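Please study the sequence and the structure before reading each solution.

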Amino acid sequence: MKGEIAEAYADLVKQAWSGRHRSIVPNVFKTKVGHFASQFLGYQQHDSQELLSFLLDGLHEDLNRVKKKEYVEQCDAAGRPDQEVAVEAWQNHKRRNDSVIVDTFHGLFKSTLVCPDCGNVSVTFDPFCYLSVPLPVSHKRVMEVFFVSMDPRRKPEQHRLVVPKKGKISDLCMALAKHTGVSPERMMVADVFSHRFYKIFQLDESLSTILDRDDIFIYEVSGRSSITENTREDVVIPIYLRERTPARDYNSSYYGLMLFGHPLLVSVPRDRLSWDALYHILLYRLSRYVTRPSSDDEDDGDEKDVEGGKNIPKPGNVAGGSSQDPGPEQAGPSSGVASGSRAPTDSSPGPSHWPQRTRRKHLFTLQTVNSNGTSDRSNFNEDTQAQPYIAIDWDPEMKKRYYDEVEAEGYVKHDCVGYVLKKAPVRLQECIELFTTMETLEKENPWYCPNCKQHQLATKKLDLWTLPETLIIHLKRFSYTKFSREKLDTLVEFPIRDLDFSEFVIKPQDESAPELYKYDLIAVSNHYGGLRDGHYTTFACNKDSGQWHYFDDNSVSPVTENQIESKAAYVLFYQRQDVASRLKTKTQPGQSDPPAPPAYDPISESMDVN
């Protein structure tokens with residue numbers, strides 16, 4: 001970059017340390033960074049660790065003392081002692097990379113790869129500029145759902161369930177079964193959005209398709225039993241609620257109907273699939289918030305009949321309908337759920353136990369609709385086995401008289417909702433330990449085994465061999481997988497002083513100099529927000545006074561050490577204790593060495609340490 005990044009950074013540091021500015025707008029520096037790295041152009045959200053990585057690499061290249069890089073072949077250990085291979089690897093690295101950035105920020109990994117087929121072991125030593133450590137990720141997920149019982153007297157229940165993060169819909173049903181006592185085979189799961197079913201899930205679908213903001217309803221349906229002479233198959237029908245609105249100047253009835261309330265999944269015996277039977281089943285299911293007409297509301301025949309005893313159009317062959325009042329939803333098979341459980345006997349009073357009248361006023365009419373519930377659909381395509389959807393259409397006056405909206409929207413919270421599920425904090429040392437844990441390479445990133453002469457999913461282990469003067473630790477809060485993207489807000493507990501790496505460094509250690517493995521925190525880069533947007537702030541310690549400050553855009557304020565640790569911590573900056581001691585010795589009065597002057601030259605030793 002011909003020194004342009006170094007010059008722009010030097011100018012920024014000069015302004016920061018001049019004592020003449022309360023705040024600085026780094027326009028020139030930002031423009032120069034965007035010129036060489038187009039991903040940082042504009043004012044979109046960027047990653048502070050990615051910017052830091054680019055800046056350190058750019059400064060290193062601009063300040064590299066090696067002007068002509070020679071070709072250096074990476075050598076495998078081939079059975080040689082680690083000490084010998086590590087020295088050779090560092091010397092080869094310095095033959096091509098020799099700058100104040102390397103002196104200050106670069107350390108050395110030991111990388112061990114083992115072929116799963118032939119057992120060939122490959123050991124190499126690689127330089128690093130920062131540690132990107134993973135956070136221990138919980139394999140569990142908390143989901144909130146609403147359970148809708150077949151018993152119309154029970155209000156929907158809100159539940160908070162703990163399920164496997166990579167689980168299936170069946171896992172969600174099993175977790176709910178522990179709270180309700182209802183068998184998972186008698187549950188159907190749906191995503192409800194804008195008064196309609198956005199999606200009805202199958203049991204083998206992944207939970208990763210459900211977002212935290214989705215409204216998930218789990219409906220109790222009649223379970224699928226083995227089909228014998230004494231059982232009959234049930235069909236589960238999605239039910240929408242619509243209200244007729246004042247007529248508009250449109251030809252289609254679509255414009256005169258508006259969805260409202262929560263949809264239902266209702267089990268209906270297949271041999272009773274008639275409009276009249278369905279009407280009474282729905283009247284029973286809605287009985288908690290729909291009032292039946294009194295004897296004064298009886299009509300001798302002026303009202304619209306619900307198409308009498310006609311059968312509901314549906315896919316497949318269905319037995320003829322019955323116009324008599326059926327009982328409550330019958331136990332029997334239902335579509336879309338696994339087999340193995342019979343429905344319990346429901347002793348609640350159903351429509352069949354109500355006093356029979358010759359004719360009553362119908363509170364609503366029924367209509368076949370599409371899955372959006374927005375257009376009438378009088379005929380189903382039997383070849384495609386399409387799912388029948390039914391809409392309950394209300395006249396405004398009838399809805400006002402007989403439909404209790406407050407009661408319809410009511411729900412109760414299960415005891416589990418009151419439990420506060422706190423995420424346990426993790427220690428920084430746990431993250432480092434996880435970083436050095438053996439792992440198996442993914443299919444997208446295999447290793448070529450020189451012995452087998454083919455790519456293998458080898459096991460890989462990283463160990464720390466030597467650590468730099470200034471250690472940058474990047475907490476990998478942003479998780480990207482095939483199934484999900486998320487930001488981890490886990491609280492990581494990190495020490496302000498005496499972060500001890502002696503247990504992680506595998507190079508033979510000098511026990512007489514423990515400060516070579518201990519670090520003190522000097523700065524923290526914080527990220528607030530999510531994946532798409534957010535805000536960065538910084539905690540930094542003044543190198544002379546030891547006072548910590550909080551940097552938030554153009555605002556700077558002193559803080560105490562107990563304010564530094566937070567869930568927003570993203571990049572940690574640690575300084576080795578022997579370096580800090582050396583600097584303090586140099587700046588103390590009465591020493592033979594004069595105090596270091598204010599340094600504005602970015603390639604000087606004092607500037608880099610500052």
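**Exercises with worked solutions**

**Exercise 1.** Determine which share of the contacts in the protein chain, at a separation of 6 or more, joins residues 24 or more positions apart.

*Solution.* Contact means heavy atoms within 4.5 Å. Among contacts with a separation of 6 or more, 71% join residues 24 or more positions apart. The model is predicted, with local features requiring pLDDT of at least 70 and side-chain atom pairs pLDDT 80 or more, while totals for chains, interfaces and linings use all residues. Residues are numbered from 1 along each chain as its sequence is written, and side-chain values use heavy atoms, without hydrogens and water.

**Exercise 2.** Describe how helix α1 and helix α2 are arranged.

*Solution.* Step one: helices are DSSP runs of H or I with at least four residues, and strands are runs of E with at least two, numbered from the N terminus. Helix α1 covers residues 4-17 and helix α2 residues 27-36. Step two: their axes, lines fitted to C-alpha atoms over the stretch in contact, come within 9 Å and cross at roughly 160 degrees. Angles between N-to-C directions run from 0 to 180 degrees. The pair is therefore roughly antiparallel, a term for angles over 145 degrees. Step three: the contact involves E4, I5, A8, Y9 and L12 of α1 with F29, K32, V33 and F36 of α2.

**Exercise 3.** Explain why strand β10 is largely enclosed.

*Solution.* Buried means under 20% relative accessible area (1.4 Å probe, protein chains only). Of the 13 residues in β10 (residues 257-269), 11 are buried, so the rest of the structure largely encloses this strand.

Key
Buried < 20%, exposed > 50% of the residue type's maximum accessible area, 1.4 Å probe, protein only. Parallel < 35°, antiparallel > 145°, perpendicular 65-115°, else oblique.
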